[in-house]
Amino acid sequence: PAAPDTAPPFPSQALARYDEGAVSEWGAVGLAGAVVKDGDLGYAEGYGVLELGGGEAVNTQTRFAIGSTTKAMTAAALGMLVDEGRLGWDDPVVDHLPWFRLRDPWVTREVTVRDLLTHRAGLGNADMLWYGRGDADPIEILRSLRHVEPAYSMRSSFIYQNIMYATAGAVIESVSGMSWADFVTTRIFEPLGMDETVARLEGTVGRPNVATPHAEVDGRIVAIENASVDPVDAAGSVWSSVEDMSRWLRMLLARGEAPDGTRLLEEATIDQLFRPQTMVPRNQFYPTAQVTNPSWTTYGLAWFQHDYRGRKLDFHTGSIDGMVAIAGLIRDEALGVYVLGNLDHVEVRHALMYRVLDHFLAPDAVRDWSRELKTLYDEIAQSQAEARAEALADRVEGTRPSLSLEAYAGTYTHPVFGDVTVSLQDGALHVHRGEGLQGSTEHWNYDTFRVAWDARWRGDEWLTFDLAADGAVEGLRTMGLEFGRVEAE
């Protein structure tokens, strides 16, 4: 049929009403959203506040941590170098980082730039190398990969992996001669006029209109400290606003062309970014699939993908302590959605994205995604609470440690994940694993102690000390890892 003379009106008022209700239903502290369609910013709104107890309202220029939606920028930056003929997607990583090593020499030789971006290089989650350790050295994190045991054969499966993206950032620096942060700033942010966007957390210091992260701690929503992703910056360290991110989405939907006509990426490279690269098993996909029921789930170059109402949806979330993001694109409809928030894992982000998609793809069959996904995530939270209660119930009452508390004090080390320091302070054992992972313990049972991190939103952990035949402490186990005791000199 012939196209109508005028496009249907953009549903701004309907979206605003729905968003406001959904934000209230989920208890979001602050949230901002933007929708782009056919090259225009059709909708942008802010809700709530930058910080609980404060009067400053969120607006479309408020800076939030965008988390892993940063990854698409890293993939695009590599695409720029591909366009310039300075590297290829299937170049071995060692061609650009001669010092790069994984545990298996064959995998070290064969892993490619494309593998870095598709979570299929064989590694399990190794975030313990950097999470909660803002003082971690970025190069040492990458060099530690040579000791990480593979979780599966390369390219045979999929496990989400942040440090491979940090490696991709190192490739960008090696090839371009610029740090990853300088590269994305000068090659992406500046040409697109993303004036509120900074590449790293440290760039937000002293800036106005910056959201504060929040989390639920002991049943109350409270402001918390920022968790720095700067040690693995290319995986998720950018801070931006929905207004700025709308410029980024519009460039992607325009097949690499900025609004002023500047070409940032070749069309073929844009297509490569969104081409499915690997299958994603259902257990590695989002819980929302229980409601959206996709026929297939894949991953491109920094984009999760599935079918939705007969279209291909490219999307990605970003999550770091107290901050959330989601980006979604239906490229065939020139439609993009971006949402940012400052409450830990407030999954209203998914609901708002799918609601927008419905408005354009099926206006007569719009679903109440906020209600449906609130029910889903409440059920997940209930299941987790029940599992935790069962674990706590396994505590054996009335036991005592085998040794005096002082005997457990010392330094324990792991060949990949570094040191855990245990000290005796004010009559209790204190644990230190990094600047953001330290706290006091209580005796749990036998030689197991429960650690309550000072950063309470990071939850609890358990330490179990292992004794040698002579009764001396020879190591400890925590987070599924074994740490050997370092003998004092």
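Three cavities of 30 Å³ or more turn up in a search of the whole structure, which is a predicted model. The largest cavity holds about 70 Å³ of space. Its lining divides into seven nonpolar residues, three polar and one charged. Among the lining residues are Ala 65, Leu 201, Asn 226, Trp 239, Asp 321 and Met 323. Val 229, Gly 236, Ser 237 and Ile 320 also line this cavity.

Next, the nonpolar core. The largest one has 152 residues. Trp 248, Leu 357 and Phe 465 touch the most other members. Leu 357 has contacts beyond its neighbours within four places in sequence, including Tyr 308, Ile 330 and Val 337.

Gln 161 sits in the loop between α5 (138-143) and α6 (162-176). Is Gln 161 buried or exposed? Gln 161 counts as buried because its relative accessible area is 2%, under the 20% limit.

| Residue | In contact with |
|---|---|
| Leu 357 | Tyr 308, Leu 313, Ile 330, Leu 335, Val 337, Ala 362 |
| Gln 161 | His 119, Leu 123, Gly 124, Asn 125, Ala 126 |

Now the strands. Eight of them form an open sheet in the order β2-β1-β12-β11-β10-β9-β8-β7, with antiparallel pairing. At the edges are β2 (40-48) and β7 (278-279), each pairing on one side only. Inside the order, β8 (residues 297-299) and β9 (residues 304-308) run antiparallel and are joined by three bridges. Tyr 299 stands opposite Phe 304 of β9.

Terms used:
Residues numbered from 1 in each chain as written. Predicted model: local features only at pLDDT ≥ 70, side-chain atom pairs only at ≥ 80, totals over all residues. Heavy atoms only, no water. 1 Å grid on protein atoms, 1.4 Å probe; cavity = no way out; pocket = protein on both sides within 12 Å on 5 of 7 lines; lining within 4 Å. Points joined across faces, edges and corners; volume = space filled by probe spheres on them. Nonpolar A, V, L, I, M, F, W, Y, C, P; charged D, E, K, R; others polar. Core = buried A, V, L, I, M, F, W, Y, C linked by side-chain atoms within 4.5 Å. Buried < 20%, exposed > 50% of the residue type's maximum accessible area, 1.4 Å probe, protein only. Contact = heavy atoms within 4.5 Å. Helix = DSSP H or I, 4+ residues; strand = E, 2+ residues; numbered from the N terminus. Pairing = 2+ DSSP bridges.
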